[in-house]
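Biologist: I am new to this structure and would like to learn how to read its features. May we take them one at a time?

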Amino acid sequence: MCFGVETRVDFVLWLDSDVSLNILMCLNDPADVACDGTVSHLWLRFGFGTLNLSRGLRVGCAMETHIDFVQWLKTDVSLDIMSRLNDPADVVRAGAVSRLWRQFVVTNRLSKQLCVGRFQQLSRILRITEPDLNAPEPKDVGSSNSNWEYLKREHEVYASLLQAIESSKSCRNDCIGYAVSASSTDKYPDESIDNTLIPMDEYLNFPSYWSSKGHSDPNAPETLLYKLKAHLCVITEVCMQPFEAYFQPGKPIYSAKSVRFRVGHPKSLRDVRALLKMPQQQPTDDKFIWTYTSEEFPMTQEKCFQRFKLPEPVLCIGGYLQIQLLGRVQRQEMDNLFYIRVSHVRVVGRPLGSTFEIEVLEPSQEFVLKYNRDVFGCMVHDFSIGGHQGSNMAYHPGIVFMGCWDDEDDDEMDEVGIL
């Protein structure tokens with residue numbers, strides 16, 4: 001089954017109202033009916049409008065003949081309906097509706113399906129580890145209880161990752177750790193890529209910028225490579241300012257025609273060591289596996305901080321970002337060659353390194369995802385009191401997120417239908 005997020009919608013929105021009504025009328029627990037409104041705003045309007053009105057008209061009917069649609073429908077039909085939830089918050093809420101819904105969400109790995117549907121590179125996660133936690137891996141599972149524990153843990157980690165990604169939409173942190181290399185540098189080290197991390201036009205009374213070598217071909221590209229602050233980062237936009245050569249006649253601005261961005265990781269540990277020893281003016285494309293490539297953004301020939309906002313948050317696995325500068329627009333008068341020059345670069349988003357880490361396995365290029373639930377709990381708390389209202393995954397009191405739901409809670413849920 002394909003879980004592409006762009007093709008999946010809430011079934012209350014997707015199906016005709018009478019079909020959705022027939023499905024939801026199968027809920028036989030008043031608590032479950034009330035909890036419909038916690039799944040999403042659309043379900044809130046539908047549940048407390050159409051559904052409750054219909055139930056009010058049916059007073060006296062045999063309520064005991066109606067059951068939860070997850071129990072009533074075949075598993076593949078229920079799974080198809082549930083997979084149409086395209087908001088991570090809705091998936092988490094669905095798991096809090098009742099004990100049956102929680103079991104359905106966890107055993108069918110809906111949080112993982114949503115993660116992989118949004119970020120295909122996550123399909124290469126081989127296993128999940130946590131500090132000081134010895135939990136069975138799938139191949140070691142020998143009982144139904146241990147299998148359930150593993151699936152619960154997996155659900156918790158992927159739901160945590162989804163929440164961290166969603167909350168990053170409103171973060172404005174600079175994710176660049178340091179500059180690695182440029183495809184060419186005109187006057188190294190005076191015009192090196194390091195200068196793009198200095199948020200000033202001048203440093204120590206000298207102009208601060210990176211410059212490519214001159215080229216007679218206006219279509220000749222250049223690249224800038226940066227190491228981010230963590231091996232796992234969420235990136236929402238990249239900001240760049242072309243350099244205005246105020247010391248040259250006419251104050252020319254050496255922008256590129258357009259830009260494109262790639263994120264990825266080195267092919268091997270040997271390549272990581274090589275990068276540390278490599279001169280900054282040497283190309284490094286052959287040492288990377290790129291897991292994401294953006295669309296091409298036009299760049300204007302203006303002295304301003306230009307924002308290139310990505311359509312959706314991008315998950316950078318491996319911690320490296322490459323900026324491709326495509327095409328040249330400005331000749332230098334003294335040699336009649338085309339140059340690209342950049343004053344500042346900023347990568348906006350959130351490093352997830354304190355909560356999540358990635359280890360790349362050789363030679364398979366699969367990943368080990370390392371999760372620290374204690375750090376994540378602090379992050380959720382800080383975010384909930386920080387007033388970041390731009391995210392749909394803000395902290396929701398009364399809904400358990402990552403593994404705070406133990407077996408004793410199951411009995412309580414079974415009695416009231418919700419948490």
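Biologist: Leaving aside neighbours within four places in sequence, which residues is L315 in contact with?

Modeller: Please keep in mind throughout that this is a predicted model. With neighbours within four places left out, the contacts of L315 are F119, Q121, L122, I165, L232, C233, V234, V263 and L352.

Biologist: Which residues have the most contacts inside the largest nonpolar core?

Modeller: L315 is one of them, together with M82, L122, L161, L232, F356 and L369. This core, the largest in the model, has 37 residues. Its largest share comes from helix α10 (residues 144–167), which contributes six residues. Another core lies apart from it and has 31 residues, including A179, M299, L321 and I323.

Biologist: C233 was among the contacts of L315. How many disulfides does the structure contain?

Modeller: One looks for pairs of cysteine sulfur atoms within 2.5 Å. A search of the whole structure finds zero disulfides. For C175, the nearest cysteine sulfur is that of C233, 4.8 Å away, and C175 is in no disulfide. C233 is likewise in no disulfide, its nearest cysteine sulfur being that of C175.

Biologist: Is C175 buried or exposed?

Modeller: C175 has a relative accessibility of 0%, so it counts as buried. C233 also counts as buried, because its relative accessibility is 0%.

Biologist: How many bridges join strand β1 to β18, and do they run parallel or antiparallel?

Modeller: Strand β1 (residues 125–129) runs parallel to β18, and four bridges join the two. Within this pairing, R127 stands opposite V368. Strand β17 (residues 356–360) is joined to β18 by five bridges, and these two strands run antiparallel. Here V360 stands opposite F367.

Biologist: What do β17 and β18 form, and how many residues lie between them?

Modeller: They form a hairpin, with six residues between the strands. In the turn, Q365 has a positive phi of about 65°.

Biologist: My next topic is charge. What can side chains of opposite charge do when their charged atoms come close?

Modeller: They can pair. The structure has 14 salt bridges in total. One of them joins E149 and K152, whose closest N and O atoms are 3.5 Å apart. Both residues lie in helix α10, three residues apart, about one turn of the helix. E149 is partly exposed, with a relative accessible area of 31%, whereas K152, at 7% relative accessibility, counts as buried.

Biologist: Which strands hold R307 and E237?

Modeller: R307 is in strand β12 (residues 306–317) and E237 is in strand β8 (residues 232–242), so their pair ties together parts that are 70 residues apart in sequence. The two form a salt bridge, with the closest N and O atoms 2.9 Å apart.

Biologist: Is R307 buried or exposed?

Modeller: R307 counts as exposed, because its relative accessibility is 54%. E237 counts as buried, with a relative accessibility of 0%.

Biologist: Where do E244 and K303 lie?

Modeller: E244 belongs to the loop between β8 and β9 (256–266), and K303 to the loop between β11 (297–298) and β12. They are 59 residues apart, and their pair links distant parts of the chain. Their side chains meet in a salt bridge of 3.8 Å, N to O. E244 counts as buried at 18% relative accessibility, while K303 is partly exposed with a relative accessible area of 40%. Elsewhere, salt bridges that share partners join E130, R153, E156 and R373 into one network.

Biologist: Finally, what is the mean pLDDT of the chain?

Modeller: Where pLDDT is low, the predicted coordinates should not be read in detail. The chain has a mean pLDDT of 76, and 67% of its residues reach 70 or more. The pLDDT is below 50 over residues 1–8, a stretch with 16 contacts in the model beyond near neighbours in sequence. It is also below 50 over residues 387–419, where 69 such contacts occur in the model.

Definitions and conventions: Residues numbered from 1 in each chain as written. Predicted model: local features only at pLDDT ≥ 70, side-chain atom pairs only at ≥ 80, totals over all residues. Heavy atoms only, no water. pLDDT = per-residue confidence, 0-100. Contact = heavy atoms within 4.5 Å. Pairing = 2+ DSSP bridges. Buried < 20%, exposed > 50% of the residue type's maximum accessible area, 1.4 Å probe, protein only. Core = buried A, V, L, I, M, F, W, Y, C linked by side-chain atoms within 4.5 Å. Salt bridge = Lys/Arg side-chain N within 4 Å of Asp/Glu carboxyl O.
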